[in-house]
Amino acid sequence: MKDTKQQWFKDSKFGLFIHWGLYSLLAGEYKGTKTKHVSEWIMNDLNIPLEEYKKLATVFHPMNFDANYVVRKAKQWGMKYIVFTAKHHDGFAMWHSKSSLYNIVDATPYKKDILEELRQACDAYGMKLGLYYSQSQDWEDPNGYMNRKDNSKKNFSTYLHAKCIPQIKELLTEYGDIALLWFDTPMGITYEESKEIVSIVKEIQPNCIVSGRIGNGLGEYMTTGDNFIPRLPYEGDWEVPATLNDNWGFNKHDRNWKNVDEIIRLLVKINSRGGNYLLNIGPNANGEIPDESINILDQVGEYVQENAEAIFFTKRSTPYLYEMDWGEMTQKDHKLFVHIFKPRKRIELLNIANRIKKIYIVSNNQNLKFSTSYSCEKCSALEVDLPEEYYTKKNYSICIDYDEIDPVFEPFID
Ligand code: GLC
């Protein structure tokens, strides 16, 4: 069982992933060809020569990037931490790196240290800052791994000690507290190499969490596959990295946005199984967040704020959950929350009737009428009548406040 030993991570439930880099300029298309892969992989997918790809840096000038706006929005959406792509697989550093000139300050006309701006904004808003760092793949360094290419002649150790580790040290010494380092695609990295990175992270910032994809089982929490939710609750710390459409980086052709109801449901589903939802935005080349993302997240954020009591500081539901077509449950000591995603008039739950103190709507504390009945010693039924004005409502939650609860409960779908 994975344990980060960081209470903030266990309680966070919702985080913002930001994929932003040179690939955002191409927005999913190079010289008239659309990439079929995720947009931040375009250099690899369309075999763009490094010298060509590097030219993107000379025109990267994200005038409209506003770190305060991004962090303020994340806060408004109820997110508790941000993970920003300091360096993605393309090898480009979004901070003023001393170990590689291929960085936002030295290689672009923009010249500002984006990470520093984010750092300051996170401090101002009390937001945890985590950084994505591609430790194995680096398509700029001659010795970094590259997907679909012959890596057999590469001297990975040279890259590891000349670029990767020096850069990780920079990130951990020059930008204050880093809440977590998000590693990805371990590829050929050996146990010793992963271990070396972990030791350095822990030596410099013992509280900085190492994500699941560092490789060789050394991560401090479980990172699921992209957009993948485990069917059953998982006991340790875990997180689902997820997209709002089908790309991480900005892709102008991707209109396949998930809808608000879907995202709310996914968030609660993940939380009810004990995980965190790390949901992505991909700013464009000007540094703007796509309108669709803002739109969706503004509405999701309303749900999160109104139902905060039923989301944050919850634990995975015990003993296990049934897939209900209309809702999900989250749980805290002496409180069981039922999130209702489809309009209904009443709710019936079995084996949950013991010593209920009160039942209320989370967003406004309105008390609800309920009745309990027993069909046999161990079989109880709880019926909650929802107020008439809620008959047509969706996306809200109620709280069942109880003294004691049966060890096994079974939501009953009428
Ligand atoms: C995948 C992709 C990568 C993305 C990541 C996010 O591993 O390779 O582009 O950053 O998922 O989870």
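L131 has L181 as its bridge partner in β6. The strands involved, β5 (residues 128-133) and β6 (residues 180-182), pair in the parallel sense over three bridges. Two strands count as paired if DSSP finds at least two bridges between them. Helices (H or I, at least four residues) and strands (E, at least two) are DSSP runs, numbered from the N terminus.

The model is predicted: local features need pLDDT of at least 70, side-chain atom pairs count only at pLDDT 80 or more, and totals for chains, interfaces and linings use all residues. Residues are numbered from 1 along each chain as its sequence is written, and side-chain values use heavy atoms, leaving out hydrogens and water.

**Eight-stranded sheet**

- Eight strands make an open sheet with parallel pairing, in the order β7-β6-β5-β4-β1-β10-β9-β8.
- β7 (209-210) and β8 (222-223) stand at the edges with a single partner strand each, so one side of each has no neighbour in the sheet.
- Helix α5 (residues 67-76) packs on this sheet and touches β1 (14-18), β4 (81-87) and β10 (276-281). Contact means heavy atoms within 4.5 Å.
- The direction of α5 makes about 150° with that of β1. Axes are lines fitted to C-alpha atoms, for helices over the stretch in contact, and angles run from 0 to 180 degrees between N-to-C directions.

**Four-stranded sheet**

- Four strands form an open sheet in the order β11-β12-β17-β14, and the pairing is antiparallel.
- The edges are β11 (327-332) and β14 (356-361); each has a single partner strand, so one side of each is left without a neighbour in the sheet.
- From one strand to the next, the twist averages 20°.
- β14 pairs with strand β17 (residues 396-402) in the antiparallel sense over five bridges. I361 stands opposite I398 in β17.
- Helix α9 packs on the sheet, touching β11 and β12 (335-340). The direction of α9 makes about 40° with that of β11.

**α9 with α10**

- Helix α9 (residues 260-272) and helix α10 (residues 291-306) pack at about 45°, with axes 9 Å apart.
- That angle makes α9 oblique to α10. Angles under 35 degrees count as roughly parallel, over 145 as roughly antiparallel, 65 to 115 as roughly perpendicular and the rest as oblique.
- The crossing of α9 and α10 is right-handed. A crossing is right-handed if the near helix is turned clockwise from the far one by less than a right angle, and left-handed if anticlockwise.
- V260, I263, I264, L267 and V268 of α9 meet I296, Q299, V300, Y303 and V304 of α10.
- The contact has nine nonpolar, one polar and no charged residues. Ala, Val, Leu, Ile, Met, Phe, Trp, Tyr, Cys and Pro count as nonpolar, Asp, Glu, Lys and Arg as charged, and the others, Gly among them, as polar.

**α5 with α10**

- α5 and α10 pack at about 40°, and their axes are 8 Å apart. That makes α5 oblique to α10.
- Y69, K73, K75 and Q76 of α5 contact I294, D298, G301 and Q305 of α10.
- These residues divide into two nonpolar, three polar and three charged.

**α7 with α8**

- The axes of helix α7 (residues 156-174) and helix α8 (residues 191-204) come within 10 Å and cross at roughly 20°. That makes α7 roughly parallel to α8.
- α7 and α8 cross in the right-handed sense.
- Contact residues include F156, L160 and K169 in α7, and E193, E196 and I204 in α8.
- By class, the contact has ten nonpolar, two polar and three charged residues.
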